[in-house]
Amino acid sequence: MKKWTVLLLVLMGCWGLRAQPVNDPAANRNNVISLAGIWKFKLDPFLDGISSNGVQILSGLPEEITLPGSTDQAGKGYKTQHMTSLRLTRLFEYKGPAWYEKEIYIPGEWKDQEVRLFLERVHWESQVWVNGKFVGRRESLSAPHVYPVSALVRPGQKNVIRIRVNNEMIHNIEYSHAVSAETQTNWNGIIGRIELQAFEKVGVDDVQVYPQSGLQQAEIKIQVRNSTGKAVSGKISFGTDSVAGGELPFSGNDSLFCLSALMPVTDLEPWDEFNPALHRLSVELSAVAGGQQFSSSRTEMIGLRELATQGTRLAINGRPVFIRGTVNCAEFPITGYPPTDTGSWMRILKICRDYGLNAVRFHSWCPPEAAFIAADQLGIYLQIENSDWRFTVGKDSATNRFLQQEADRILETYGNHPSFISLGEGNELVGPTVTSFLGDLVSRWKEKDPRHLYTGSAAYPLVPENQFNVLYGARPQRWKEGLKGLFNVAPLNTTYDYTDYVQKHPVPMISHEVGQWCVYPDFNEIPRYTGVLKPYNYELFRELLRDRHMLDQAQAFMEASGKFQVIQKKEEIESYLRTPGMAGYHLLQLNDFPGQGTSPVGVVDVLWNPKSYVTAAEFSRFQSDRTSLLRTSSFVWTNDQTFKAVAEAVNFGESALQDVVIGWSLRYPDGGLYQEGTFEALDLPVGGPFKTGDLSVSLNRIEQATRLILSMETKEGTFSNHWSIWVYPAEAEKPDLKNVLVTEKWDQQTKRQLEKGGNVMLIADTAHLVSDVAPGFSGISWNVVWSGTPPNLLGILCDPTHPALADFPTEFHSNWQWWDLVANSKPMVLDHMPPALKPLVQMIPDWNNPRRIGLLFEAKVGKGRLLVCGVDLKNKMEQRPVARQFRCSLEKYMTGDAFNPFQEVTMEMIDKLFEK
């Protein structure tokens, strides 16, 4: 038998009373009565239910409602009379008190039991009456509301339970995603387990497990309640399936005993993302009080892990960890509230894992316990946050006090879960005393519960007490940065990283809310919204597109912008992995965000269904614990150059890798090989990035413009990655244009050429085009409505098989080679043209303002044929191989028989494109 060391045997106050245990201490479910089902109900918008002196005065409740559930689901409240493009729309809204009542028979055997009313999640203040007598009040958005009701229930009879739930803004936290209209909404109701629980009067009330440094032992803290009012004597025995237990005696007259012991755990596997090992800790009690025997048991699923920081990185069980996280903002459109069953959270978190994530940050809210259980089983790291997103910290002491208490409830209720690795107060906090408020909180948490790492506020402000920072700024597109963002100011190179940010801070840095690149809304999602929130925003966007005669392009807009979205996210994610010492990132986000102006930023939809343009396997190739990386000065080359790059790799896997052989290849899009090679074998410790080799490849055997795909893969197939580069002739062909008028001006000479039936190639002087469209290369970041700034386009849409592009290598969507053309353009607004005219190169518009925008179009004008290009194909062409090749492809098209546009437009329509 293992030797157990008894540390402490004391009375009340040894580590604080856990007032609201979420794990049911009743081992026998016969001692639980579920209250799920039909309840009597009444809204109370005029506060008629309680008299001025606090007495509950409602007689009967005339309506019915089903619990668990919400007033929205029951169709209670005010039917919505409006719709908005800013967010999903609630069908029914209500804010204020609502009354719930149920009559329930309590068995006579419960006469000598301690009885509690357990409400798993209430939104958000509750008051309870039993048999007409007031029990008490609770307020929590994060933890169960638990009421002792032994003194008021009548065993062997029917009992009436009445609950008043108030979802008014009890405290000023309206922007928190726990109550925000932008996501889960400020619903009224009770969800999860709703039950009466019976316990022995002497029993195990709480068990907390604190793994010690080195994972040689864990401290077990046990609370024993004694509600007999008499002296008690007993013992606690405990152990796991593989570790024999020991015993702790207790005795005395007190109502609560706090016991503590050290338990050896060297034989128990530690928990982490690669091996989420869980162990069943059993605690059994036997005692005597007043001559009566008592017994109870408690089972806790525990995971043992050592959480620390190593320089500027997090470490679990001594191994460096790179956080690849997504933000969860409580988006649950079917119910309007979060699920409380483990199965739903297993689905969500498995999807996160399939797409390469290992972490989830809950933005200004705390999920139900089911999320922790699922994360424990799957090995997902959770950052929990208090319900705080205020700009007034310090102006309301009552709100500060509520949030301080709420954080304590979160730690006490969910602290045993190994997946719960970090806690933050909230998001982007502002106020006159915010720094001191956060510093005091973090200091208090560190002392109270060392099982987690703590930070004050995500993004800002940073306080010196933080154990890690969720830092705003280390990303290519900052808030309201417009066209000064990294992807818009210069062609892509991958020599940059965020080392300067890492070096400014002594603690680990996780980049805040990154990868906010949008995709055009998918209107095929509309029928999936079968619950309380409706996508009237998507319906409005769809009808706007219909009004502009482009609804037939909706699917193409979504697919093309989606492919471009993934390209941008890939580069952004790799830039974090390239950064030495960086601790990780939080995507905003893996799934779509339905509010704040509507932000379709996900690669899965808001309901966690995959989108058609990327699979989980494709996405997780670069969002992974192990992957190859590439540093190169350019992705555009000419055939008189030598492609040069540095290959790197990161290894944040379970263990170091020895004698890793990485092969590389450059292939044509059809799979044909241009060149391949192998880097020298090397060892990859856990961490990175590590240099794996140099690439130097002469491009002189390429005769035609082409895209090459650079792939890197380990010989064993452990990990792989790929990138596209574009190679153009150093000197583009110059077709014979004797039968084509090539001009920069829309003037009388040009018009006469068309009137005579001639061909005109109008490479418009962009200075004379009339357009208010900013030539942004990147996609939309978050959304234009919320930011009020460009970028306000979603990349290009074209047909790569169109003969105008026959000599210009491209996909149907934007990729990095399009930067030169888009950045040096004046996108043309073509809404006044006939609806059937579709640009040859079209810019995908903002879904809020779906204009027909083109970089290149063709038309019949009079007797002639016209090609109009809004890209500068004149200036500095010796420095612009992409522009040279694009112009060459257009010129060859103009000289061939394929140039035969069918859509007719008038001279006056072309006039509108140019300055008067």
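Author: We can, and please keep in mind throughout that this is a predicted model.

Reader: Is Cys-258 buried or exposed?

Author: The relative accessibility of Cys-258 is 1%. Because a residue counts as buried when this value is under 20%, Cys-258 is classed as buried.

Reader: Which cysteine has the sulfur nearest to that of Cys-888, and how many disulfides are found in the whole structure?

Author: Cys-888, which has a relative accessibility of 2% and so counts as buried, has the sulfur of Cys-869 as its nearest cysteine sulfur, 14 Å away. A disulfide needs two cysteine sulfur atoms within 2.5 Å, and Cys-888 is in no disulfide. For the whole structure, the search gives a count of 0.

Reader: What is the volume of the largest pocket, and which residues lie nearest its centre?

Author: The largest pocket has a volume of about 960 Å³, and its lining divides into 18 nonpolar, 14 polar and 9 charged residues. Strand 7 (89-90) and strand 32 (509-514) each supply at least two residues of that lining. Of the 41 lining residues, those nearest the centre are Tyr-175, Ser-180, Glu-182, Gln-596 and Trp-786.

Reader: Which helix gives the most to the lining of the second largest pocket?

Author: The second largest pocket holds about 630 Å³ of space, and among its 25 lining residues Ile-567, Lys-570, His-722, Glu-811 and Asn-815 are the closest to its centre. Several elements each supply at least two residues of the lining, including helix 9 (616-619) and strand 44 (720-728). The most, 6 residues, comes from helix 8.

Methods:
Residues are numbered from 1 along each chain as its sequence is written. This is a predicted model: local features need pLDDT of at least 70, side-chain atom pairs count only at pLDDT 80 or more; totals for chains, interfaces and linings use all residues. Side-chain values use heavy atoms; hydrogens and water are left out. On a 1 Å grid over the protein atoms alone, a cavity is a set of points where a 1.4 Å probe fits but cannot get out, and a pocket is an open set with protein on both sides within 12 Å along at least five of seven lines; lining residues have an atom within 4 Å of a point. Grid points are joined across faces, edges and corners, and a volume is the space filled by probe spheres set on the points. Helices (H or I, at least four residues) and strands (E, at least two) are DSSP runs, numbered from the N terminus. Ala, Val, Leu, Ile, Met, Phe, Trp, Tyr, Cys and Pro count as nonpolar, Asp, Glu, Lys and Arg as charged, and the others, Gly among them, as polar. Buried means under 20% relative accessible area, exposed over 50%, partly exposed in between (1.4 Å probe, protein chains only).
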